[in-house]
Amino acid sequence: MKTKLLFLMPHASTGGMPSFVLKRIQLLNDLFDIYVVEYACLSDTYILHRKQIQDILGDKFFTLEENKLELLTIIKNCNIDIVHIEHEVEGFDMGMVNMLYSNNRTYKIVETCHNIIFKAKDKIFIPDAFALCTPYHLETFSEIDTYKQVIQYPLENNVCDFNKKTESIKTLGLAEDRINVLNVGLWTKGKNQGEAIEIAKKHPSIDFHFVGNQAINFEDYWQPLMNDLPENVKVWGERDDVNLFMEACDIFMFNSTFECNPLVIKEAIGYQMPIFAHNLPQYCGMYDNYISPIEDFGIKKDKHYLAIDESNKFTKESTEFYNLILKTKMKKQETKSTYRFINHFVNGVYFEILGDSHSNFRVQFSDKAGNILYEEIIKCNSWIKLDREYYTDWNIKVWENDQLVHNEDISLKGKRVMIGFESSSLGDSLAWLPYCDEFQKKHDCQLTVCTFKNFLFKDQYPNIEFVEPSTVVPNLFAKYDLGWFYDYNKEPVLPNTIPLQATATNILGLEYSEIKPKLNLLFDSIELKPLDKNVCIATNSTSGCKEWTKENWQEVVDYLVGQGYSVYNLSKEQTYDLNGLTPIKDYSIKNTISLLLQTEFLIGLSSGISWLAWALNKKVIMIANFSKHDHEFSTDCIRLVNESVCHGCWNNKNFKFDKSNWGFCPINEGYDKQFECQKSITSKNVIDELKKLT
């Protein structure tokens, strides 16, 4: 009777681990009664390996749904002898794993780790043996007392003759008179296809072929690359005929910087392809005789090697290994409860404890200064969500029955973080964006930013990923929203009582200092003319309390025209029918930037146009007496104020701006003194400043 062998896979979608399991099944299916259980179906799109496994095993392939304990039923009903887990079990449901590793079980357990991330110190359950996929793991798991044997993915001799190579080239439609380079792998940052594309740009006479799926959860990496592909690059997506590409192509390039023991290198060796790759430390010298450094691409190599077939060796080693495990004594597990912590900082602090422990857990949240902000006692499979959403240097401590078991300071390094702009206004966007850049630099995180004005910034901040509003960004560890909320859970200080730019530092936990944004000026239609006597004004804003009178504007325009200036009013609204202006046909931001770049200075209100001129390093004469002198920017700004009248209500903590009320004037609305702050600034005040400039 054949030994009943069950492979437990985390998933059966595309990748190295499913490829390895498929190879085990292909080479061992005649010798063992094999079953496969897929812990979770991650994709209905990328099913290449799942389909091949199902074709071999038929109804002996299972996928677990929400009830993960169904695995135990399958093991029992099928009388399984060995459960071979192709993953570290600490990543599975702890309740299921605790029962799977029961000391009363009737089957043996083998584990294989397929990554270089997992550490031995994190191992809770000890299998009866490790089937290691790389010699590197002999060191990784050296401190764990259980049997270990390295059984690597086998090399296979697939060298084809000239006729077969020619046939594969024609089948795929490749150019016969050009060198063809192959790259295989899931499109991720670790696989590093971006580097290969840059190499392709340097070698336009060579064709580069990329085979591998572009999963939506990695779109932030591969989509920008797809937007800038050279003509000699072709992306083929996921394929079930990689063998044809191996036969047809002349060179294999593998740019990955984050690998365990890549199967595609072994496959390329089997086809005796010249290989250019990064020789990573975890390869332990296994591929020294096979690969050339990436940086040597383009240099002719004389290195040759023979492709050997290790299929029989793999089958023999695997069979002897499983037979040995059947005879070994079962590894008893320590009888202890298990639990794990899950936390993130997406619009607040979320902390969850999962497991089967019956202990009481005291969870405490503190800030950097040591102030205890929240404390609660909870059980396993419970969670806590705090209302505070702005950035805080959180410290989270957990005591299990009065013994400290967790002490964590928030760290965003390397984590995926998002900052969303709640405001679509031009001024807010220009004011806040620089601090997203400062936040990314401070925390060294993978930052995604969502604004309504991405086109102004996208090319200027390469360390930031920009997404459009309503875009779903997966796998976030933290998220912060920028806006005026008047909510102490969203911002520690009332936004109207601080400078506009400090809105961002207020929420993001940064030191405030005035910073100009970097703007994208790569607009095709902008042609800078020789700087003439041009002046821009902006007569309109978003509230009556910010506006200035028509009479004052007309007197300023008359003065400027009298001095030989062409005057452009950049406000689209054109509320005031002013005489003497030079007409503007196009009020787009693109043309507005073009005009500002050709002007000497701007006369404006507290508005987005003033912020735009400032960002373009133009001098701004600002008429803004409704707000305090430091609310807007101060560099390159001549600000006209009159503190002898009612002024600065905008920044008064007792008032909250009502954007639905154009006549908002919290002290004098409906009286003669309504808007006296702005009215008290005269055209003479402005002209006196102009005389200094002109």
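1. A residue is called buried here when its relative accessible area is under 20%. By that criterion, 54% of the 694 residues of the chain are buried. The model under review is a predicted one, and the points below should be read accordingly.

2. Overall form. The chain contains 18 helices and 29 strands. Its radius of gyration is 33 Å, whereas the globule rule gives 26 Å for 694 residues; the chain is therefore more spread out than a compact globule. The C-alpha trace spans about 100 × 70 × 40 Å along its principal axes.

3. Contacts and surface. Among contacts in the chain with a separation of 6 or more, 66% join residues 24 or more positions apart. The accessible surface amounts to about 32300 Å², and carbon and sulfur atoms account for 49% of that area.

4. The second largest pocket. This pocket holds about 1600 Å³ of space. It is lined by 38 residues, of which D220, Y221, R416, Q446 and E465 are the closest to its centre. By class, the lining comprises 16 nonpolar, 13 polar and nine charged residues.

5. Helix 8 (219-226), strand 22 (446-450) and strand 23 (464-467) each contribute at least two residues to the lining of the second largest pocket. Helix 8 provides the largest share, with five residues.

6. Helix 10. Which residues of helix 10 are buried? They are L263, V264, I265, K266, A268, I269 and G270. Helix 10 covers residues 263-270, and seven of its eight residues are thus counted as buried, leaving the helix mostly covered. The lysine K266 is included in the buried set.

7. Just after helix 10, Q272 adopts a positive phi of about 55°.

8. T505. This threonine lies in helix 13, which runs over residues 502-508. Is T505 buried or exposed? Its relative accessible area is 6%, and because the cut-off for burial is under 20%, T505 counts as buried. Apart from neighbours within four places in sequence, T505 is in contact with Y435, L510, E511 and Y512. The C-alpha atom of T505 is separated by 70 Å from that of M1, which is 504 residues away along the chain.

Note on methods: Residues numbered from 1 in each chain as written. Predicted model: local features only at pLDDT ≥ 70, side-chain atom pairs only at ≥ 80, totals over all residues. Heavy atoms only, no water. 1 Å grid on protein atoms, 1.4 Å probe; cavity = no way out; pocket = protein on both sides within 12 Å on 5 of 7 lines; lining within 4 Å. Points joined across faces, edges and corners; volume = space filled by probe spheres on them. Helix = DSSP H or I, 4+ residues; strand = E, 2+ residues; numbered from the N terminus. Nonpolar A, V, L, I, M, F, W, Y, C, P; charged D, E, K, R; others polar. Rg over C-alpha atoms; globule rule 2.2 N^0.38 Å. Buried < 20%, exposed > 50% of the residue type's maximum accessible area, 1.4 Å probe, protein only. Contact = heavy atoms within 4.5 Å. Areas by Shrake-Rupley, 256 points an atom, 1.4 Å probe, with all protein chains shown as cover.
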